[in-house]
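Colleague: I'm new to this one. Could you walk me through how to read it?

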Amino acid sequence: FAFAAETAAAFYRMNNEFPTSDIDVLVPNNHRLKLPGAKVRQTTVFENIDVVTISNFPVTSPARTLIDLCGRWSEIEVSKALDKARKDGLVTLGDIGQCIKRLEPAHFRPTNVMLGLLCNRSGRAALCESQSERDVYWAMIDGLLPEPVTQQPVPTSVKRFRLDFAYPSIRLAIEIDGVDVHSGAEKQAEDRYRQQVIEREF
């Protein structure tokens, strides 16, 4: 089990007050737990990466805590807690992006709210056109790479293309070719031609 939601937020001092209601505890679906004065919630997603130890107490990670709070607090309250956690060095946008990936779709509403908050803080992520692109974007951010330009326009002598990601200053282009969109001999031939033009003129 792990202390979660408002109780975990108190551990991280994301808010100014310790919750006066029941203590929040999170357990996996296949576990039963009774703690006096505790509100025990079950979850289908309970991984080691989502739990840390603070003063010998198991507590949900900062990223997991913030997402869980989306189901408890107003969007403004969560937004303030997110900004404070980032300022205190507790969490990065990449941490939250990876946590969202683990939780979807089991926790659709909280993750959807948090995605909106992330997009407000990183407009380039909002421009990604597919889940695969968003996954790669957050992997780059989580890996401490510089934030790439998304949907970079590339005017060429043939037509105007767009790159999934780019670092224009060093002429580095990154394309995500999913099987569902880029399969088939004709499409692959188009992709090869597109790549040749971009490599020549970007």
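Modeller: Ala63, Arg64, Leu66 and Ile67 in α2 meet Asp95, Ile96, Cys99, Ile100 and Leu103 in α4; contact means heavy atoms within 4.5 Å. Helices (H or I, at least four residues) and strands (E, at least two) are DSSP runs, numbered from the N terminus. A word on the source: this is a predicted model, where local features need pLDDT of at least 70 and side-chain atom pairs count only at pLDDT 80 or more, while totals for chains, interfaces and linings use all residues. Residues are numbered from 1 along each chain as its sequence is written, and side-chain values use heavy atoms, with hydrogens and water left out.

Colleague: How do I describe the way two helices pack?

Modeller: Two packed helices are described by the angle between their axes and the distance between the axes. In this case, the axes of α2 (residues 62–69) and α4 (residues 93–103) come within 9 Å and cross at roughly 65°. Axes are lines fitted to C-alpha atoms, for helices over the stretch in contact, and angles run from 0 to 180 degrees between N-to-C directions.

Colleague: And how many aromatic pairs are there in the whole structure?

Modeller: A search turns up five. Rings of Phe, Tyr and Trp (its six-membered ring) pair if their centres lie within 6.5 Å; planes under 30 degrees apart count as stacked, over 60 as edge-to-face and the rest as tilted. Phe3 and Phe57 make an edge-to-face pair, 6.0 Å centre to centre with 70° between the planes. Phe3 lies in strand β1 (residues 2–3) and Phe57 in strand β5 (residues 57–60), so this pair ties together parts 54 residues apart in sequence. Ring pairs also link Phe1, Phe3, Phe11 and Phe57 into a cluster.

Colleague: Is Phe3 buried or exposed?

Modeller: Buried means under 20% relative accessible area, exposed over 50%, and partly exposed in between (1.4 Å probe, protein chains only). Phe3 is buried, at 13% relative accessibility, whereas Phe57 is partly exposed at 41%.

Colleague: What share of the protein chain's residues count as buried?

Modeller: Of its 202 residues, 39% do. The chain's secondary structure comes to nine helices and eight strands.
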